[in-house]
Amino acid sequence: MVKISKPSFEKVDPSFGSSFSFKSFNQENQNRNHTFWHYHPEIELVYVNGGSGKRQIGSHISYYQHGDLILIGSNLPHCGFTDSLTDNDKETVIQFSPDFLGKNFWEIPEMRNVRVLLERAKNGIVFHGEDKNLIGEKIEALSSLTNYKRLLGLLDVLNMLENAKDFTLLNAEGFVLDTELEDHNRINVIFNFVKNEFKRNIALEEIADVVSMTVPAFCRYFKKTTGKTFVQFVNEYRLVHAAKLLHEKQISITDVCFESGFNNFSHFNKQFKKFTGKSPSVYRNEIKFAVS
DNA sequence: CGCGGGTTATCTCCCTTGAC
DNA sequence: GTCAAGGGAGATAACCCGCG
């Protein structure tokens with residue numbers, strides 16, 4: 001019997017005396033609760049000012065270094081994997097309901113651009129380069145402001161995000177969530193299952209059984225929802241984990257391969273090369289080179 | 001030479017998908 | 001939902017290369 005992890009709908013409470021939620025985490029205060037699969041109607045803006053980790057937004061999975069700035073739209077399932085924060089690393093999370101300033105606030109002409117940004121955020125947006133750093137600093141500076149100034153600052157940040165040039169849409173391939181809650185739950189169950197079990201072999205029959213579907217029905221459903229086949233998805237999940245291990249641990253490539261859920265080198269090598277354009281050893285050497 | 005770590009070739013099997 | 005075909009994923013093994 002397989003244990004099913006329940007899908008999670010996260011309830012977001014605004015900070016005291018405020019209409020949106022502002023939270024800051026550092027080495028001492030790491031009580032973050034978004035390392036599991038969840039979704040919520042509130043829009044979420046996350047800034048990590050250093051460190052590295054994995055992130056999954058919709059069906060997109062990737063590894064990041066030197067911090068991260070992402071904007072996650074309403075009801076887009078996501079999961080952060082930032083490793084334990086060290087030294088001066090800080091993670092700032094802002095969550096706000098799309099209508100926290102009133103139902104029609106984004107409709108006024110002055111907010112037209114932000115409305116476009118929030119629409120775009122339904123795909124998940126990651127920001128890079130100077131934009132990431134400048135806006136990130138601005139976000140961190142919000143912590144020292146009064147509630148009133150903080151709200152103005154947030155609008156300012158949203159405007160900067162809209163003007164940013166250096167960004168990537170994470171989920172552009174079209175991650176489609178059915179509006180029915182039941183289907184919402186189904187994909188959550190699948191993602192959580194993969195998250196917990198990716199280090200071992202997952203037979204299609206097994207995962208299909210978990211969500212009470214036949215194997216062909218499952219394949220069709222998964223492709224329709226994520227734009228990928230199930231095997232592709234799990235492979236990407238494993239490859240991102242492998243990239244992370246290559247960066248962070250001094251273990252042999254063989255060990256990285258098995259640690260990531262692959263059962264043989266040859267296949268791991270082939271997939272890794274297809275995914276990153278480099279073989280695992282070249283990939284790791286380039287990192288060493290960049291560091292020294 | 002033998003050994004360990006990494007890469008490539010090939011064959012089998014099961015995942016995916018189209019037809020019904 | 002079932003069935004079946006084809007193609008991609010995964011296993012096996014041969015191969016390469018640097019090192020003692």
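Predicted model: local features only at pLDDT ≥ 70, side-chain atom pairs only at ≥ 80, totals over all residues.
User: Happy to look at this one with you! How are H7 and H9 oriented to each other: roughly parallel or roughly perpendicular?

Analyst: Residues are numbered from 1 along each chain as its sequence is written, and side-chain values use heavy atoms, without hydrogens and water. The axes (lines fitted to C-alpha atoms, over the stretch in contact for helices, with angles from 0 to 180 degrees between N-to-C directions) of H7 (residues 230-248) and H9 (residues 265-276) come within 10 Å and cross at roughly 90°. Angles under 35 degrees count as roughly parallel, over 145 as roughly antiparallel, 65 to 115 as roughly perpendicular and the rest as oblique, so H7 and H9 are roughly perpendicular.

User: Which residues of H9 meet H7?

Analyst: Contact here means heavy atoms within 4.5 Å. On the H7 side the residues are Asn 235, Glu 236, Leu 239, Val 240, Ala 242, Ala 243 and Leu 246. The contact of H7 with H9 divides into 8 nonpolar, 3 polar and 1 charged. From H9 come His 267, Phe 268, Gln 271, Phe 272 and Phe 275.

User: At what angle do H1 and H3 cross?

Analyst: H1 spans residues 112-120 and H3 residues 147-163. Asn 113, Val 114, Leu 117 and Arg 120 of H1 touch Leu 158, Asn 159, Leu 161 and Glu 162 of H3. The axes come within 9 Å, and the crossing angle is roughly 70°.

User: Which residues in domain 1 lose the most area to domain 2?

Analyst: Chain A is divided into domain 1 (8-169) and domain 2 (198-291), with bounds from an automatic or database domain assignment. The area buried between them (accessible area, 1.4 Å probe, lost on being put together and summed over both) is about 1000 Å², with carbon and sulfur atoms giving 58%. Together accounting for 56% of what the domain 1 side buries, the residues are Lys 54, Ile 61 and Tyr 63.

User: How many salt bridges does the count between domain 1 and domain 2 give?

Analyst: A salt bridge is a side-chain nitrogen of Lys or Arg within 4 Å of a carboxyl oxygen of Asp or Glu. The whole structure has 9 salt bridges. Between domain 1 and domain 2, the count is 0.

User: Which residue forms a salt bridge with Arg 55?

Analyst: Arg 55 lies in strand S5 (residues 53-57), and its partner, 13 residues apart, is in strand S7 (residues 68-72). With the closest N and O atoms 2.7 Å apart, the partner is Asp 68.

Notes
Chains lettered and ligands numbered in written order. Helix = DSSP H or I, 4+ residues; strand = E, 2+ residues; numbered from the N terminus. Nonpolar A, V, L, I, M, F, W, Y, C, P; charged D, E, K, R; others polar. Buried area = accessible area lost by both parts, 1.4 Å probe.
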